[in-house]
Amino acid sequence: MSSPPVKPFLIGVAGGPCSGKSTVCEKIVKDLECLTDNQANRVAVIALEHFYRPKSAEQRVLATRGDWNLDHPVAFDDELLFTTLQDLLNGKTVRINRYDVRTFSHIDGEYENIEPVDVIIMEGILVFYFPQIRDLFNMKLFVDTDADTRLARRVLRDMKLHGRNLEHILNSYTNYVKPAFEDFCLPTKKYADVIIPRGADNSVAVDLIVQHIKDFLKQNTDMAVQSPLTQHWSLIRYSVDIHNSANSGGTILQRQFDRSDGQLRLSLTSTQQLFVTRDNDIEECIDLWPTVISSVTGTYVGDALLLYYITGNRCRREFRVQFASSDTQKGSDHCENCVKYLKKLCKLTNMNDNETSGVEQTMSTTIDANSIVSTPDMIKLLLSQQQTIKLSSYYYSEPIHNENMTEFLEKYLIEPTFPDFVSTVYAMLESMAKKK
Ligand SMILES: Nc1ncnc2c1ncn2[C@@H]1O[C@H](COP(=O)(O)OP(=O)(O)O)[C@@H](O)[C@H]1O
Ligand SMILES: O=c1ccn([C@@H]2O[C@H](COP(=O)(O)O)[C@@H](O)[C@H]2O)c(=O)[nH]1
């Protein structure tokens, strides 16, 4: 999954209700769509309405009657909005619960996932009201449309789209919408970098803004080309063992095991370095330059990848990563995609392949092959419980003794860890049982 290498550009679009904020945003995205390299895909628009605080049943009844203030700052969960924007700015995928204006509430179980993008446009009546949110924006736009036009549009919109009657609309407008606009929204106009009179009709203003975004995207693309970090994959797990000798039989000096909280990534740079990063911290960095190609080998299965290499002090370092799934692709698809790149730089075999291309052969150039067993053999040994084996070629490196075998299977393999491996074990078990 590729994602933006530099911080996204965050644009805020404020303005009174029905001033034309969403129409301006639509126009910006549409104009970007005309661009050759589909830059519109790199823009996400988020509406403030999804950040309403949940209402009680009683409050919803009042809102239905037009007797609840939906335009006051307290109606919004500004903390949630702040953390959501911060997460997006930090390159994280966010999940937004959809709000339905017709029912005055969020839709149960309906979420929109927003993946990291280059440009985020946040639109809503009060997006510049909260200082800490306001400070996040790189560019602030205020759509300025006169009150009569806004009211006329609101009447039409609320009657047609939201099924409201005129009395409801005018009641809420007089009691809440108009005063709140004057008290909380209009005073934020002064924070805007660009004021857009007449909204989307103002093609000069919209063109200028689109041009600004284009320039930003181009700069971003150029930086991505120059940037060493060119390919990224999200991980859900990372673990590493360091052995005291290049030989796989060495004892473990250090073990680190890490489940992701959504910030773990594998990055492959155009300078052929492989990084595991958490936030901005580097957990692992391997040079995959052609000159050192023979020193890195590995294997993969399903959504898991295991790489081995010898460190400068002749220690053997083996690390495993498990790829996260995204909305469109499973973890195993991401793993396959990553393997496609890595195979150009190091020796990788599919763990499910037959023994001749198995782990032991892959590793024979650098590591004593005698102490490594191929996966099928390992499973056979594991299941037949003939001897104590060391699962160093797989996920855990503890020697497994016969008496602990069942416990090991239950504890580690039955956990949905490395699903393909688990299913392989099950398949083996079944076929062995049938043979018996
Ligand atoms: N420039 C415009 N000319 C005519 N109608 C417009 C214009 N901009 C918006 N509208 C209409 O006004 C209503 C509210 O517009 P919208 O963009 O949703 O405003 P906001 O997001 O500020 O509430 C919609 O029905 C939209 O079609
Ligand atoms: O459930 C709801 C929530 C909000 N509103 C009204 O919407 C406008 C703000 O949305 P815009 O898209 O910026 O116009 C605000 O005036 C709320 O009163 C609603 O009617 N129902």
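In strand S15, Arg320 is the bridge partner of Leu306. Strands here are DSSP runs of E with at least two residues and helices are runs of H or I with at least four residues, both numbered from the N terminus. This is a predicted model, in which local features need pLDDT of at least 70 and side-chain atom pairs count only at pLDDT 80 or more, while totals for chains, interfaces and linings use all residues. Residues are numbered from 1 along each chain as its sequence is written, ligands are numbered from 1 in the order in which they are written, and side-chain values use heavy atoms, without hydrogens and water.

**Strand S15**
- Strand S14 (residues 304-310) runs antiparallel to S15 and is joined to it by seven bridges; two strands pair if DSSP finds at least two bridges between them.
- Eight of the eight residues of S15 (residues 316-323) are buried, so this strand is largely enclosed by the rest of the structure; buried means under 20% relative accessible area (1.4 Å probe, protein chains only).
- Arg316, Glu318, Arg320 and Gln322 are buried on one side of S15, and Arg317, Phe319, Val321 and Phe323 on the other.

**Ligand 1**
- The residues around ligand 1, with a heavy atom within 4 Å of it, include Lys21, Ser22, Arg153 and Asp201.
- H1 (21-33) and H5 (147-160) each supply at least two residues of this shell, and the largest share, three residues, comes from H1.
- An N or O atom in the side chain of Ser22 is 2.4 Å from an oxygen atom of ligand 1.
- A nitrogen atom of ligand 1 lies 3.2 Å from a polar side-chain atom of Asp201.

Methods:
Polar contact = N/O pair within 3.5 Å; in protein donor to acceptor, adjacent residues only side chain to side chain. Buried < 20%, exposed > 50% of the residue type's maximum accessible area, 1.4 Å probe, protein only.
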